[in-house]
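Thanks for passing this one along. Here are some friendly notes, as numbered points, to read beside the coordinates.

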Amino acid sequence: MAGRRSGSALVALVVLLVALAGCGGRSAAGSATADVQRLLDRRAAAVVDRDARAYERTGAGTVFANLRAVPVAAWSYRVTAVRRTGDTATADAELSYRVAGYDQAPVTTRRTLRLSRDADGRWSVVTDRPAKKSAQQLWDQGAVHLVRGRSSLVLGVGQSGQSLRDFADLADRAVPAVSDAWGTDWNRRVVLLVPKSLEGMAGLLGSPASSYRGIAAVTTGETGPRTRAPADRIIVNPDAFALLGGLGEQVVVTHETTHVATRARTTAATPLWLSEGYADWAGYRAAGRTPADAAPELSRAVAENRVPAALPDDEDFGFTGDASRLARSYESGWTACRMISDRWGEDRLGAFYRAVGEHRERAGAVEEAMRKVLGTTPDAFTREWRAYLRQQLG
């Protein structure tokens with residue numbers, strides 16, 4: 001009996017010690033996470049308040065200095081994990097921020113922060129960098145300079161003030177042109193990011209530079225319903241942009257601005273031939289270019305009796321390095337939208353785009369929109385489009 005009582009007491013003591021150790025471990029980890037979160041809350045408040053001294057008290061980093069010109073409306077971190085080793089730690093966090101006057105919803109990105117703790121137990125930031133496989137933000141590449149247009153905000157790194165002003169002028173002409181084509185049911189304001197080089201563009205997109213060589217600009221943002229109010233960014237490739245003439249520059253910026261305008265009406269149901277074709281249609285709408293001038297690759301194919309059998313798939317728009325194939329895909333989407341505008345009218349083209357985007361899934365979306373808005377079928381539409389190519393490009 002004594003042995004059993006002693007054993008029971010020993011087991012109870014071991015269980016108690018394990019429980020206490022477990023609670024202590026969780027408490028220490030939780031305490032570190034809470035301490036880091038409070039630190040980053042202070043750091044975020046300093047960014048919004050433009051308080052350099054308060055920011056310096058949270059640790060090192062170039063974020064504050066590089067962001068000095070940017071009108072930040074909101075900035076917050078959410079700590080998702082802390083890995084501590086003695087007086088150092090690595091924290092994973094989600095950063096959300098908004099640019100004043102332009103973003104109705106925040107941009108969210110993942111960051112990795114290295115921290116150290118002083119003798120008094122206070123944590124401070126040593127570095128604040130993009131998390132693995134996350135894209136850079138413009139301020140990660142250097143001091144950000146700003147130029148305001150009437151309807152645009154241009155943020156650049158390593159660019160002259162005149163260069164940024166030129167981009168603002170292009171965007172200010174694009175916004176009313178897009179509104180004239182699409183309508184005014186969008187924010188009618190755009191943000192352009194102009195890094196120093198192609199490599200800087202690739203860093204902002206989190207992809208290899210080879211993926212965007214020859215691509216003058218892209219637009220980032222989440223597709224979805226208007227209530228989500230995505231924060232779009234037009235990201236410029238200055239290396240490719242420098243090769244464009246004045247008309248080409250305007251067409252590119254108007255194309256990308258169209259993506260901003262149509263974003264809330266663009267869903268998983270919208271094929272790329274429609275979204276990219278419509279953006280090209282808006283870009284070329286007032287340019288005065290003939291179809292043969294605007295679609296040289298497709299014109300060459302038609303001249304060689306290689307008329308496409310069907311509209312391009314989404315995969316045909318991938319930046320795979322086959323420049324001719326990519327050009328034909330964009331030109332095919334543009335000619336299809338141009339044909340709708342010529343045959344059914346501009347209003348019906350916009351209605352068709354919106355009708356496709358009302359569906360949540362791709363299956364049946366184009367078919368139903370063609371039937372309801374255009375009074376046709378995909379097969380009949382394709383036959384008419386192929387005939388249109390021969391007529392316009394032959």
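1. Let me begin with the packing. In this predicted model, the largest nonpolar core comprises 63 residues, and Trp273, Phe352 and Phe381 are those with the most contacts inside it. Helix α4, spanning residues 161–182, gives the most to this core, contributing 10 residues. In soluble globular proteins, nonpolar side chains tend to be buried together.

2. Phe381 deserves a click in your viewer. Leaving aside residues up to four places away in sequence, Phe381 touches Trp273, Leu311, Ala336, Met339, Ile340, Trp344, Met370, Leu374 and Thr376. Trp273, among these partners, is itself listed with Phe381 among the residues that have the most contacts inside the largest core.

3. Another core, of 48 residues, lies apart from the largest one. Its members include Leu198, Leu204, Ala209 and Val218.

4. Now for the charged side chains. How many salt bridges does a search of the whole structure find? The search returns 21. I have picked out a few below.

5. Glu304 and Arg306 form a salt bridge in which the closest N and O atoms are 2.5 Å apart. Glu304 is partly exposed, at 45% relative accessible area, and Arg306 is likewise partly exposed, at 41%.

6. Asp316 pairs with Arg325 in a salt bridge, with 2.6 Å between the closest N and O atoms. Is Asp316 buried or exposed? Asp316 counts as buried because its relative accessibility is 18% and the cut-off for buried is under 20%.

7. Glu368 is partly exposed, with 27% relative accessible area. Lys372 counts as exposed because its relative accessibility is 58%, and exposed means over 50%.

8. To recap for your own notes: the packing points rest on a largest core of 63 residues and another of 48 residues apart from it, while the charged points draw on the 21 salt bridges found across the whole structure.

Notes: Residues are numbered from 1 along each chain as its sequence is written. This is a predicted model: local features need pLDDT of at least 70, side-chain atom pairs count only at pLDDT 80 or more; totals for chains, interfaces and linings use all residues. Side-chain values use heavy atoms; hydrogens and water are left out. A salt bridge is a side-chain nitrogen of Lys or Arg within 4 Å of a carboxyl oxygen of Asp or Glu. Buried means under 20% relative accessible area, exposed over 50%, partly exposed in between (1.4 Å probe, protein chains only). A nonpolar core is a set of buried Ala, Val, Leu, Ile, Met, Phe, Trp, Tyr and Cys residues joined through side-chain atoms within 4.5 Å. Helices (H or I, at least four residues) and strands (E, at least two) are DSSP runs, numbered from the N terminus. Contact means heavy atoms within 4.5 Å.
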